[in-house]
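These are my notebook entries on one structure. I wrote them in the order in which I looked things up.

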Amino acid sequence: MTIPIPIPADSIKLGFIGAGNMAESIARGVVKSGVVSASRICTAHRSLHRKQAFSSFGVHVFDTNEQVVQDSDVIVFSVKPQIVKEVVSQLRPLLTKQKLLVSVAAGVKLVDLQEWAGHSRFIRVMPNTPAAVGQAASVMSLGETATEEDADLIASLFGAIGKTWRADEKLFDAVTGLSGSGPAYIYLAIEALADGGVAAGLPRDLALGLASQTVLGAAAMAVNTGKHPGQLKDAVASPGGTTIAGIHELEKGGFRGILMNSVVAATNRSREMSKR
């Protein structure tokens, strides 16, 4: 068996197969953080708009995916799930075992990725859309021959666009249900809070600004203080006060149960889709 050669972080050549928004977010993040210089990143696209998006911050844009693979040590497949098999299979002759492969395609399992690529030095990563603002929640799982050094390298790349965790791939449907779909739940909550502010007499722009910043601040408190959310909630809810009156309404409406059911429903849907 060929032993994978470690890829030095200070000389990594990073290539993206697929030049969409997620690839752009990752590339911008690693360049901004200094993890990889733009001169060592490449992708391919024929659209002038997408070429300009990447070249605007120094990334080289080739005409073909084959050129990207030949020029890269680490190759990130950032294409739509329905075309991953076709794309990986077409590039298989160039995907040597010395290249570290990464997939961010939702619902596409490592066992399939490894079969299509012809080797198992593969890492699957599930980021979410806040990657666009450097606040992604990303979870990764290692293929059969991916090393701890490989894992550290990919953690540093995705750490440039947010926070990363490692988990068994069997948990990825639940990850999809929580962090993958979760931003949409929070957008809905922000919209509802703002509507409540408008109903209470606030101007729309003020209500939306307060709702958004309140969610951002509360999340920062949960992350940075290390306190359980229940503790933080109790600290705001004084006896007989306004907050506990509002919480009482949320509890009567089944707020917690609805959020829990949303995560479970999205998880179950992810399982159904991954079986297709």
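Is Glu-24 buried or exposed? I found Glu-24 buried, at a relative accessible area of 14%. I use buried for under 20% relative accessible area, exposed for over 50%, and partly exposed for in between (1.4 Å probe, protein chains only).

Before going on, I note that this is a predicted model, in which local features need pLDDT of at least 70 and side-chain atom pairs count only at pLDDT 80 or more, while totals for chains, interfaces and linings use all residues. Residues are numbered from 1 along each chain as its sequence is written, and side-chain values use heavy atoms, with hydrogens and water left out.

Entry on salt bridges. I count a salt bridge when a side-chain nitrogen of Lys or Arg is within 4 Å of a carboxyl oxygen of Asp or Glu. The structure has 12 of them. I looked up Glu-24 and Arg-28, whose closest N and O atoms are 2.9 Å apart. Both sit in helix 1 (residues 21–33), and because they are 4 residues apart there, about one helical turn separates them. Helices (H or I, at least four residues) and strands (E, at least two) are DSSP runs, numbered from the N terminus. Arg-28 is partly exposed, at 35%.

Next I looked up Asp-150 and Arg-121, which form a salt bridge at 2.8 Å, N to O. Asp-150 is in helix 6 (residues 148–159) and Arg-121 in the loop between helix 5 (110–117) and strand 6 (122–126), so I noted a link between distant parts of the chain, 29 residues apart. Asp-150 and Arg-121 are both buried. I also noted that salt bridges with shared partners join Glu-24, Arg-28 and Arg-50 into one network.

Entry on Ser-141. I found Ser-141 in strand 7 (residues 136–142). Ser-141 counts as buried because its relative accessibility is 7%. Its side chain comes to 3.4 Å from the backbone oxygen of Ala-167. Not counting residues up to four places away in sequence, Ser-141 touches several residues, including Leu-110, Phe-122, Asp-168 and Phe-172. Contact here means heavy atoms within 4.5 Å.

Entry on Leu-210. I found Leu-210 in helix 9 (residues 204–225). At 43% relative accessibility, Leu-210 counts as partly exposed.

Entry on the record. In an unreviewed entry, UniProt places "domain: Pyrroline-5-carboxylate reductase catalytic N-terminal" at residues 13–107. UniProt annotations may be inferred rather than shown by experiment. I found this span to be 37% helix and 20% strand, with its end C-alpha atoms 27 Å apart.

Notes:
A polar contact is a pair of N or O atoms within 3.5 Å; within protein, one must be able to donate a hydrogen and the other to accept it, and residues adjacent in sequence count only if both atoms are side-chain atoms.
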